[in-house]
Amino acid sequence: MLQGTKATVLSFTSAEVMLFLLAFMKKPQKGVKVVVVGLSISLIFYLVTVIFVIGALSVDGVVTRTWPTLDLMRSFEIPGLVFERFESMLLTIWIMQLFATFVISFYAASLGLSQLFHINITPVMYALLPVMYVIGMTPKNLNGVFQFGDFISRLAVILFCLLPIPLLMISKIRKKRAKSSATP
């Protein structure tokens, strides 16, 4: 079961950006509900998609295909409708989702670097563009893209699941030290 999570972690790697946005909200306590609802919608959508794809293509059929969801959409057809090719609509939505994820992640990275180095955000954005281009052109084929996705998934687990625990412990220790040094 843990081996199966490796492929799905990549789908949820930008969830931490929601936490980043909470810092800029006027009422962040209301934002937590929105984050939970948004993640729940994504989770339900992915779960329903997996159930439909496995139900229609079987586990063996899913394992042998590169993009089983697109294969299922290609096989699904209702004659006489305005849209007879549902995979085009699915690809359009998927590209918009990828663009939205890219834009917010790019902004978060740019803002974080600009605040870290105390410089304006605009030059950081321009400096990140060639770096992102080189990273994007690194995989040479489809297998390289999948290996890169696995690497990003592992890195995301380390950065956003394992790293916050020691950081939280360090924060608690610093608060205790600050309280003990403040009281005479």
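How many helices and how many strands does the secondary structure of the chain come to? The chain has eight helices and zero strands, where helices (H or I, at least four residues) and strands (E, at least two) are DSSP runs, numbered from the N terminus. This is a predicted model, in which local features need pLDDT of at least 70 and side-chain atom pairs count only at pLDDT 80 or more, while totals for chains, interfaces and linings use all residues. Residues are numbered from 1 along each chain as its sequence is written, and side-chain values use heavy atoms, with hydrogens and water left out.

**The whole chain**

Buried residues make up 14% of the 184 residues, and here buried means under 20% relative accessible area, exposed means over 50%, and partly exposed lies in between (1.4 Å probe, protein chains only). Of the contacts in the chain with a separation of 6 or more, 38% are between residues 24 or more positions apart; a contact means heavy atoms within 4.5 Å.

**Stop one: helices α4 and α5**

Select residues 68–75, which form helix α4, together with residues 86–117, which form helix α5. The two helices pack at an angle of about 145 degrees, with their axes 7 Å apart; axes are lines fitted to C-alpha atoms, for helices over the stretch in contact, and angles run from 0 to 180 degrees between N-to-C directions. On the α4 side the meeting residues are Thr69, Leu70, Met73 and Arg74, and on the α5 side they are Phe86, Glu87, Leu90 and Leu91. The residues of this contact divide into five nonpolar, one polar and two charged, with Ala, Val, Leu, Ile, Met, Phe, Trp, Tyr, Cys and Pro counted as nonpolar, Asp, Glu, Lys and Arg as charged, and the others, Gly among them, as polar.

Now pick out Pro68, Leu70 and Leu72, the buried residues of α4. What covers these buried residues includes α3 (28–64) and α5.

**Stop two: a salt bridge**

Show the side chains of Asp71 and Arg65, which meet in a salt bridge at 3.2 Å, N to O. A search of the whole structure finds one salt bridge, the term standing for a side-chain nitrogen of Lys or Arg within 4 Å of a carboxyl oxygen of Asp or Glu. Asp71 is partly exposed, with a relative accessible area of 24%, and Arg65 is partly exposed too, at 34%.

Phe102 is partly exposed at 35% relative accessibility, whereas Phe106 is buried at 13%.

Next select Leu128, in helix α6 (residues 121–137). Leu128 is buried, with a relative accessible area of 15%, and, leaving aside residues up to four places away in sequence, Leu128 touches Phe106, Ala109, Ser110 and Leu113.

Move on to Ser114 in α5, which counts as buried at 5% relative accessibility. Not counting residues up to four places away in sequence, Ser114 touches Ile119, Asn120, Ile121 and Val124.

Most residues other than glycine have a negative phi. Select Ser58 in helix α3, where phi is positive, about 70 degrees, although this residue is not a glycine. Then select His118, in the loop between α5 and α6, where phi is near 55 degrees, also a positive value. Is each one buried, partly exposed or exposed? Ser58 counts as partly exposed at 36% relative accessibility, and His118 as exposed at 72%.
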